[in-house]
Amino acid sequence: LEGEGREGSFSCRWRATDPVPGSEEQAGAPRTRYDPAGVPAPRQLQGGAVRAAQRRAAVRQGASEDAAITPDLVSASPQFTNPMREREIKLRANKIPAIENLGATQDQFDTIDLSDNEIRKLENFPLLKRIGTLLLSNNLIFRIADDLHESLPNLHTLQLTNNSILNLNDLLPLATVPTLKRLVLLQNNVTKQPNYRLFLVKHLPQVQVLDWKKVKPKEREEAEALYKSGGMEQKVVKKKLTAEEKEKIKEAIAGAKTLEEVNRLEAQLKSGDGLASEDAMAD
């Protein structure tokens, strides 16, 4: 094997097992192995470092097979202090289908990143008093548990960009989370519902920033006036799918062009909730 190196206008060639010109090895020091690129081979890992590296490799290899949150996955995932000076753990891109076993975090984190997985329901959290931020972009979430406030009593930021939330009423469980201040729902079909923003301003009064935009006093006044009579609520009441609607969804699945589109339509069919508009189905 041969490698090349260059420093300014100087260039040289050497064999992977030969000493590098000018190195201590050439002067009689113990031989150092070089890889084909001329970079010293890493020292052999010792003891616990070997076991930790093996565990991380095994978790990465098994993530696609087991597709679940396990204590090993938690211990092997990146854990760090983020720019907000909060302790964060990254559990993203592991094909996780459901939230489970988060008790393995021992409530040691302010932020949990579960983005880029295949989670369908926001539920099954243990009591995590420290959690303030949940990052769940690019999942398949279409339902939110009614008891979220009991499990996450200090949740203030929830990011749900690019999920499968369809109906406005599907977001009403968040009304029981009094600490929620920032909510992101971009790239969900629910954002295309009439009066989407005013509905949430009215029913989630604790939210101060919606979709990265601060809720203005004028919006609160408009929402109060719009829903004052209570008549608007009747237009967003969730209804069960009719046989005709189910057939339309099945036809949409057959004509879907991407796996993501198929997953979203199947999630809607499985939830059994009717679309609030024809446009939502077209998307």
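Strands here are DSSP runs of E with at least two residues, helices are H or I runs of at least four, and both are numbered from the N terminus.

Before going on, a note on what I'm looking at. This is a predicted model, where local features need pLDDT of at least 70, side-chain atom pairs count only at pLDDT 80 or more, and totals for chains, interfaces and linings use all residues. Residues are numbered from 1 along each chain as its sequence is written, and side-chain values use heavy atoms, with hydrogens and water left out.

**Around T111**

I looked up how β4 and β5 are joined. Strand β4 (residues 87-90) and strand β5 (residues 111-113) run parallel, with three bridges between them. Two strands pair if DSSP finds at least two bridges between them.

Is T111 buried or exposed? T111 has 3% relative accessibility, so I put it down as buried (buried is under 20% relative accessible area, exposed over 50%, partly exposed in between; 1.4 Å probe, protein chains only).

Then I listed its contacts (heavy atoms within 4.5 Å). Leaving out residues up to four places away in sequence, T111 touches N82, E86, R87, E88, I89, I131, T133 and L135.

**The whole sheet**

I traced the strand order next. The sheet is open, has eight strands and mixed pairing, and runs β3-β4-β5-β7-β9-β10-β11-β12. At its edges I found β3 (79-81) and β12 (213-214), each pairing on one side only.

**The aromatic pair**

I searched for ring pairs: rings of Phe, Tyr and Trp (its six-membered ring) with centres within 6.5 Å, called stacked if the planes are under 30 degrees apart, edge-to-face if over 60, and tilted for the rest. I got one aromatic pair. The ring centres of F199 and Y227 are 6.0 Å apart with the planes at 75°, so I logged the pair as edge-to-face. F199 sits in helix α4 (residues 196-203) and Y227 in the loop between α5 (217-226) and α6 (243-254), so the pair ties together parts 28 residues apart in sequence. I checked burial too: F199 is buried at 1% relative accessible area, and Y227 is buried at 4%.

**Totals**

I counted eight helices and twelve strands in the protein. Of its 283 residues, 43% are buried. Among contacts between residues at least 6 apart in sequence, 48% join residues at least 24 apart. The protein exposes about 16300 Å², and carbon and sulfur atoms supply 50% of that (Shrake-Rupley method, 1.4 Å probe).
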